[in-house]
Amino acid sequence: MIQLEHVSKQFEAGKQTVEAVKDVSLHIEKGTIAGIIGFSGAGKSTLARCINLLERPTEGKVTVGGAELTALSERQLREKRKKIGMIFQHFNLFASRTVYGNVAYPLKGRSKGEIDQKVRSLLELVGLSDKAEAYPSQLSGGQKQRVAIARALASNPEVLLSDEATSALDPETTRSILRLLKEVNRTLGVTIVIITHEMGVIKEICDQVYVMEGGRVVESGDVFQVFASPRAAVTRRFVDSTSNFSRIQELLDDPAHPIRLNPGDYLLRLNYLERSTSEALISNISRRFELDVNILLGSIELIDGNPLGGLVVVAGGGHDKITAAVAYLSKRNVLVEVISHG
Amino acid sequence: MAELLNQIIPDVVVRSDQLWRAFWETIQMVSISGAISLVFGIPFGVLLFTTKEGGILQNRPVNFILGKICDFFRSIPFILLGILLIGLSRLIVGTGIGVRGIIIPLLFATIPFLGRQVESALAEVPAGLIEAAEAMGSSPWEIVWRVYLKEAVPGITRGVTITIVSLINFTAVAGTLGAGGLGNFAIMYGHSKNLPQITWTVILIIVVLVSAVQFVGGYIAKKATH
């Protein structure tokens, strides 16, 4: 549905040239929800804007729905953009128009009856039928984003770009907007691209994920795979940010030393892959290798219906026994990482 | 009432016919040049804003030239602008005096003024809205009509209000250039014949006029803000 080939985007900032996107190629299948995640400045918003050519790439080819956008004239491009909806972090609703007027904006030129029918059905889809005559300033953030979604869907787009659409919302509202996006994806078959800096958003609804850093896509794949075995350091940081594992480093660095490692103790992180969660692994290794295992942190997540979890433990019993235990765990599909040792 | 006025401002009552005529001339000058200024000043402001670097109709030469024209006419005090444009006025409307003769100089003063007001009103429309409209496939002209001008109604109304207030100010100055109106009336009698009653009456009328314009402008701007 969406194909980017060697897309780069440079900005001239005074005498400096900033390369926001560097040689990105990606392919997003029709009907999927793809996430693009990165810290601020990673280039993810610029990349999203390259999909509908709000930013024209300096190099590379952008193809959406079979049409090569980078080869179109301005007029043809405007027609194509009607098939690519977009929603934004700050909603970007027209303050001078009512909810109804905002949703009707892209429908100009159609008959009154047709517009009315379309607007009513969209407002019903997003659950705001009773707010048709309200102005955006009278709505909450979540309601505004719902109006923005209805407006973006008015011209029956094939693709919906969501640029940090939940970043200004509280967690509860974020979840409800994500549910709505998922529903839009399922019922209307709209391909959705979600730009975010929150791994929780990716985890919640995406099928595929692209991790960006310094203008490049450093890692990509289906969400479970990326969560289960993140390769790039930045991906690991994002994955950790959704569980409490990121706290282990804080605990280690804390001047109060809440974690004390005696000589011969190892601080290990065990990542459970696939079905290994159901085995009594900790009891096993402490019995087999005569280890003292103290569990500090634990977490299990459901990604795409698959359990994914891990533990952070302090294992005591000496180097040799621990090495043997690590080998045993690795055979059972548990990824072991030594965080620190005493 | 008439008796009372006759006691307080006899100098004015004696000349009430002239006062009415002067008042009517001022209203004519303000409404005619005000209306024409709207027709030209708003598009002028739109062009000033949209041809800027990064604007939706970006065009550096056009923006540069429009900006210079604007600044040139805005920097000339109205009394000198009136003198400067007498020739042009004769050429266009056939006379350089009276209400007819002052319209052209008034336009050259108010159109650039209103243009800048409109420009800053448009600058207040959040850039995100333009981006959203572009993403929905709107053309630049559609964005001007359906986004900029619609979203900026409160700002433009405030700009128009300020423009009309300064237009009233210009028409008083125009009195010294043979245009008639309240300014001329005050200068002829209040100043030259040393009749302070005339001066004070004219001041009072202009204050009421300006307040009325401010009130109406403020009301419309408030109504248009959602």
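Reply: In this predicted model, the secondary structure of chain B consists of 12 helices and 0 strands. Along the sequence the pattern is accordingly α-α-α-α-α-α-α-α-α-α-α-α. The C-alpha atoms of chain B occupy a box of roughly 70 × 40 × 25 Å along the principal axes. Chain B has 226 residues, of which 44% count as buried. Among the contacts in chain B with a separation of 6 or more, 68% are between residues 24 or more positions apart.

Now to the helix pair. Two packed helices are described by the angle between their axes and the distance between the axes. For helix 11 (residues 181–192) and helix 12 (residues 196–224) of chain B, the axes come within 7 Å and cross at roughly 160 degrees. Helix 11 of chain B is therefore roughly antiparallel to helix 12 of chain B, as the angle is over 145 degrees. The crossing of these two helices of chain B is left-handed.

The residues that meet are as follows. Helix 11 of chain B contributes B:Leu182, B:Phe185, B:Ala186, B:Tyr189, B:Gly190 and B:His191. Facing them from helix 12 of chain B are B:Pro196, B:Ile198, B:Thr199, B:Val202, B:Ile205 and B:Ile206. By class, this contact between helix 11 and helix 12 of chain B has 9 nonpolar and 3 polar residues, with no charged residues.

Chain B also touches chain A, in a contact that takes 14 residues from chain B and 17 residues from chain A. On the chain A side, helix 2 (74–81) and strand 6 (84–88) each supply at least two residues. Helix 2 of chain A gives the most, with 3 residues. The side of chain A that touches chain B has 8 nonpolar, 5 polar and 4 charged residues.

Elsewhere, chain A has an open sheet of 4 strands in the order 12-13-11-14, with antiparallel pairing. Strand 12 (292–303) and strand 14 (334–341) of chain A are at the edges with a single partner strand each, so one side of each has no neighbour in the sheet. Neighbouring strands of this sheet are turned by 15 degrees against each other on average, direction ignored. Strand 11 (residues 265–272) and strand 14 of chain A run antiparallel and are joined by 7 bridges. In strand 14 of chain A, A:His341 stands opposite A:Tyr266. Helix 12 (residues 319–331) of chain A packs on the sheet and touches strand 11, strand 13 (306–316) and strand 14 of chain A. The direction of this helix of chain A makes about 150 degrees with that of strand 14 of chain A.

Key. Residues numbered from 1 in each chain as written. Chains lettered and ligands numbered in written order. Predicted model: local features only at pLDDT ≥ 70, side-chain atom pairs only at ≥ 80, totals over all residues. Contact = placed C-beta atoms within 7 Å. Nonpolar A, V, L, I, M, F, W, Y, C, P; charged D, E, K, R; others polar. Pairing = 2+ DSSP bridges. Axes fitted to C-alpha atoms, helices over the stretch in contact; angles between N-to-C directions. Parallel < 35°, antiparallel > 145°, perpendicular 65-115°, else oblique. Left-handed = near helix turned anticlockwise from the far one by under 90°. Buried ≥ 20, exposed ≤ 12 C-beta atoms within 10 Å, placed from the backbone.
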